[in-house]
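Here are a few friendly notes to read alongside the structure. Take them one point at a time, and find each side chain as you go.

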Amino acid sequence: MMAVDNPRTSATAIAWRWWALAISVAAADQLTKLAVSTLMYYGQSIPLTGFFNLVHVWNTGAAFSFLADAGGWQRYFFIVITLGVSIVLIFMLCRPRPRAEALGYSLVLGGALGNGFDRVVRGYVVDSLDFYWRSWHWPAFNIADCGIVLGVFCLLWTAYRTPG
């Protein structure tokens with residue numbers, strides 16, 4: 001049986017707990033992006049291990065630079081999608097649900113808010129995490145992207161664990 005938030009706890013208190021997690025993810029994302037943008041010049045790469053670099057790159061597209069060279073309209077397209085998804089997730093977290101599901105929604109919301117803020121304020125998303133193996137590099141990403149991916153894993157795990 002999956003753990004569900006106590007139904008006797010007010011829906012508002014439950015929602016605020018999950019919203020606080022989302023805000024924390026977005027804040028951690030923004031703090032790392034501020035540090036990278038302030039302390040590193042654009043395009044800089046700092047090797048930290050034999051498989052990881054800290055980099056300062058920009059992404060005007062979505063995952064894997066999807067639509068990065070689309071001419072500028074994609075910024076507003078992604079802002080609208082982020083706003084819509086965020087509103088839906090905010091309302092979904094108002095109802096008691098299994099904790100793993102609420103965790104997934106919170107992580108996705110935090111990631112969406114972090115990258116959405118970048119698109120609104122900067123016009124691009126700052127990426128800084130570069131993992132690689134020999135000459136093969138995974139596309140650079142950030143803390144917000146980690147939140148989104150971990151959130152989706154939580155949601156998939158919840159979906160497959162739920163008896164149906």
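Which side chain meets Lys33 in a salt bridge of 3.0 Å, N to O?

1. Please keep in mind that this is a predicted model. The partner asked about is Asp118, whose side chain forms a salt bridge with that of Lys33 at 3.0 Å, N to O. Asp118 sits in helix H3 (residues 99–121) and Lys33 in helix H1, so this pair ties together parts that are 85 residues apart in sequence.

2. Now look along helix H1. Asp29 and Lys33 also join their side chains in a salt bridge, at 2.7 Å, N to O. The two residues are four apart in helix H1 (residues 11–39), which means that about one helical turn separates them.

3. Are these residues buried or exposed? Asp29 is buried, because its relative accessibility is 0% and buried means under 20%. Lys33 is buried too, with a relative accessible area of 1%. Asp118 likewise counts as buried, at 0% relative accessibility.

4. Next, follow Asp118 to Arg122. Their side chains meet in a salt bridge of 2.5 Å, N to O. Arg122 is partly exposed, with a relative accessible area of 24%, whereas Asp118 is buried. Through salt bridges that share partners, Asp29, Lys33, Asp118 and Arg122 are joined into one network.

5. A last point, on the total: how many salt bridges does the structure hold? There are four, among them the pairs Asp29 with Lys33, Asp118 with Lys33, and Arg122 with Asp118. As background, side chains of opposite charge can pair when their charged atoms come close.

Note on methods:
Residues are numbered from 1 along each chain as its sequence is written. This is a predicted model: local features need pLDDT of at least 70, side-chain atom pairs count only at pLDDT 80 or more; totals for chains, interfaces and linings use all residues. Side-chain values use heavy atoms; hydrogens and water are left out. Buried means under 20% relative accessible area, exposed over 50%, partly exposed in between (1.4 Å probe, protein chains only).
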